[in-house]
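Good morning, and thank you for making time for this presentation. I would like to take you through one model, from a pair of helices to the arrangement of chains and domains.

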Amino acid sequence: MKLPRGVRDAAIALGIIIVFGSLAMLLAGVNPLDGFSALLIGALGNVQETAETLVQTTSLLFPALGIALAFRAGLFNIGAEGQLLMGGLLAGVLGEQLTAPGFVTIPILLLAGAVGGGLWGALAGWLRARFAANEVIATLMLNYVAIQVAAYAISGPLKSAGGAGYETGELPAQSWLPTILPDTRLTVALILALALAFFLRWMLRSTVVGYQLRAVGDAPQAARRAGIDLAKMRFWTMAASGAIAGLGGATVVLGVLHRFNLALSPGYGFIGIAVALVGELDPLWVTVAAFVFGILQNGAIGMQAAANVPRDVVTAIEGLIILVLAGRRIITRNGSD
Amino acid sequence: MPALAMRGIVKRFGDLVAIGGVDLELDPGVIVGLIGENGAGKSTLSNIAFGAFAPDEGTVERNGIVGLVHQHFQLVERLSVWENVLLGREPRKGWRLDVAAARARVRELGERYGLHVDPDAIVETLPIGMKQRVELLRELEREPAILLLDEPTAVLAPSEIESFFTTVVALAERGIAIMVVTHKLAEVIAYTSRVCVMRAGTIVARYETNQTTAGELARAMVGGEIPPLSERSPLPRQVLPILHVRELRARTGSDAIDGIEFALQAGEILGIAGVEGNGQTALADALAGVTAYDGTIRFREEELPDSLGPRGRMERGMQIIPQDRHHEALVLDWSLAENAILGRQGSAEMRRGQQIDREAARTFAQTIVERFDVRPPRVDLRVRGLSGGNQQKVVVGRALAGTPKFVLAYQPTRGIDVGATALVQSRLIEARNAGTAILLISFELDEIFALADRVLVLYRGKIAGEFNRDAFDRGRIGALMAGHT
């Protein structure tokens, strides 16, 4: 029986996790059942760990939603990592300086994050629209540019008194995102991410803009002949996609680290590709997939401690999922014009 | 002994029974025509005869090598004629190619079959008729006892068709068993000895060609009478043209137009006749606003710049029926209702604030479904699951809804069955009667003769001739299509 592609993707991802994970554990001399149970206990064993899993879920969900939006328009945004970093940079640098009350600074700083990521995404969108530059290459390369730009900015022109060469000083406490569970790092960012997921789902399914965006992704030549401006739609979609990733970067700065750090993302923008694809590019299922990957991310630490399985096993699994799912889509893409 | 004998052939693709029990024999020296509508199973059957597909049931007995000439040429454009003809069977001298022997072999084949081609010519520089010779030579090089020709004349001009069949008849006289798969009844009547009619995966009728007529074959293909087209009302008195094209130059890929002029008035169908690749796509893309062009397009007393694009054209009352319904017209994974409003997605009737008005979309789709008899009549089904004819009804219905001022119809009945063709053509005539101006670009002369009030012949990007309906001359138009003056 032929399964729909989304279901197949989810099955492939689950298969990779189980088969490849078991193999790696066997090689490390660990019974896979012990390894996986250590992973689950590490991720969901108590309130503290569950909250930390949800923190990881949130940080993955923002870039994954941005990526899903771009993919729906036929744009393979591989640059969420760089967009997230630029969003975080702008929020961090600005946040360190702002001293107003939180209800003023937090919205401004979240917006700054969206602007930073949005500009970075728009740059790739502009290259595509203006020079027909392949957005896979452009967004991928801009990731490296982003890290260099950020490193230069915080060690040079934007260096603050409290900052080190690799991070800014701590943000004033009133600009921290409020937690929703006491004594954990779980903040309102989770609620914001969930609200965004629901909004995007409604936007894609019900609105005129969503209809046009999907048309550009599913049948660009038909969309063009139906009067939809492909270049414009692609530019704004890349900008929006980057803005969502940048917003995610800002929530990490405001909610988790309370400062900008060059290493603020352990690859959320890349793992987000796998999250988006496993979630069938549907914001609702992307949210579910982000939770599964959140378990992997957080459970890896517990697994390493309890079962002595290197957490790099999880990194390798995630990489393999990206390779298989994204590689297949990019190779078989037919949305060229 | 037959050259090829197929007995009890059954072929399934998933749940679909493509071939449902076919017996067919091909005899040396006999040309058999295999006709049927799109989807009747002709191509599947010829692929089974060739050996590309294995049948699920039944046997194929081949007494000799089978050659197959495809509808779409299977040539390496950048290579020379001899390299194409001998690809994979190159003569060798030690570890080197024996180029002299290769050239000699191709010349000798050309002499023997009367198919003269320069062995060193690069294929991409050859005209289409010559390319087909190369394709045929490549198959003949293997000394086949059986030759299968799949829609061999689809891209040929009328004069090239004649010379092609002269060759085919000569090959039969040499004792080769030949099967021609086609939907062109005139060719079957003129050149075959026997004819088999396929419908829904089985052979429903067999005739000695000299005992039958094109009308009888058409009825056998469709399984009944062909519905008559709508009546045409008399052309309104000559008024100011609604569309006026001057000095138009444009290019889409290798397809180009070079200085085209014509005018079109309300309530008129202007046919553009010509062999594929003579500028039709460039003309269509320029009019649709999806490519840059030089020259002027005046529509309803207003000049349309190429920067206006499809959106502005639609707002002014233009609609298009694109050539490639799968890529240029439909989003195959969307529902019929979502596809029906494509092009109207931003209009006031189809939106409620920022949202798509789903009820309005369904109602609009329902009117198309009813007026065009789309089956199944369900607006929530994915269009991917519809037959080609029903998909095309959606595309045409969408374009004709609300009586537009002008419709560009590019191959509006390409690859769809006879019933759907008749329905689409009737609706085009009715739109014309209601005052819509229609530019009909078609590679099928029969379609142009059935619909057009006037015809222009397009040859190498220029207009080679113009005929009014009362002066249509098939021979003359065919000659102009082939570049004769």
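This is a predicted model: local features need pLDDT of at least 70, side-chain atom pairs count only at pLDDT 80 or more; totals for chains, interfaces and linings use all residues.

**Helices, sheets and contacts**

I begin in chain A, where helix α4 (residues 80-97) packs against helix α11 (residues 268-278) at an angle of about 130°, their axes being 7 Å apart. Axes here are lines fitted to C-alpha atoms, for helices over the stretch in contact, and angles run from 0 to 180 degrees between N-to-C directions. That angle makes α4(A) oblique to α11(A); under 35 degrees would count as roughly parallel, over 145 as roughly antiparallel, 65 to 115 as roughly perpendicular, and the rest as oblique. Helices (H or I, at least four residues) and strands (E, at least two) are DSSP runs, numbered from the N terminus.

Residues are numbered from 1 along each chain as its sequence is written, while chains are lettered from A and ligands numbered from 1 in the order in which they are written.

Which residues bring α4(A) and α11(A) together? On the α4(A) side they are A:Ala80, A:Glu81, A:Gly82, A:Gln83 and A:Leu84, and these meet A:Tyr268, A:Gly269, A:Phe270 and A:Gly272 of α11(A). Contact means that the C-beta atoms of two residues, placed from the backbone, lie within 7 Å. By class, this contact has four nonpolar, four polar and one charged residues. Ala, Val, Leu, Ile, Met, Phe, Trp, Tyr, Cys and Pro count as nonpolar, Asp, Glu, Lys and Arg as charged, and the others, Gly among them, as polar.

Next, the contact between the chains. Chain A contributes 14 residues and chain B 22 residues. In chain A, α8 (208-218) and α9 (220-225) each supply at least two residues of the side touching chain B, and α8(A) gives the most, with five residues. That side of chain A has six nonpolar, five polar and three charged residues.

Turning to chain B, the domain assignment gives domain 1 (4-222) and domain 2 (243-330 + 386-481); such bounds come from an automatic or database domain assignment. The C-alpha centres of the two domains of chain B lie 32 Å apart. Eight residues of domain 1 of chain B are in contact with 11 residues of domain 2 of chain B. On the domain 1 side, α5 (158-173) and α7 (214-222) of chain B each supply at least two residues.

Now to two sheets of chain B. One is an open sheet of three strands, antiparallel, in the order β2-β1-β4; two strands pair if DSSP finds at least two bridges between them. Its edge strands are β2 (16-26) and β4 (57-62) of chain B. Eight bridges join β1 (residues 4-13) of chain B to β2(B), and B:Ala5 has B:Glu25 in β2(B) as its bridge partner. Helix α1 (residues 42-50) of chain B packs on this sheet, touching β1, β2 and β4 of chain B.

The other is an open, antiparallel sheet of four strands, ordered β13-β12-β15-β16 in chain B. Here six bridges join β12 (residues 243-252) of chain B to β15 (residues 293-299) of chain B, and B:Val245 is partnered by B:Ile297 in β15(B). Helix α8 (residues 280-288) of chain B lies across β12, β13 and β15 of chain B, at about 120° to β12(B).
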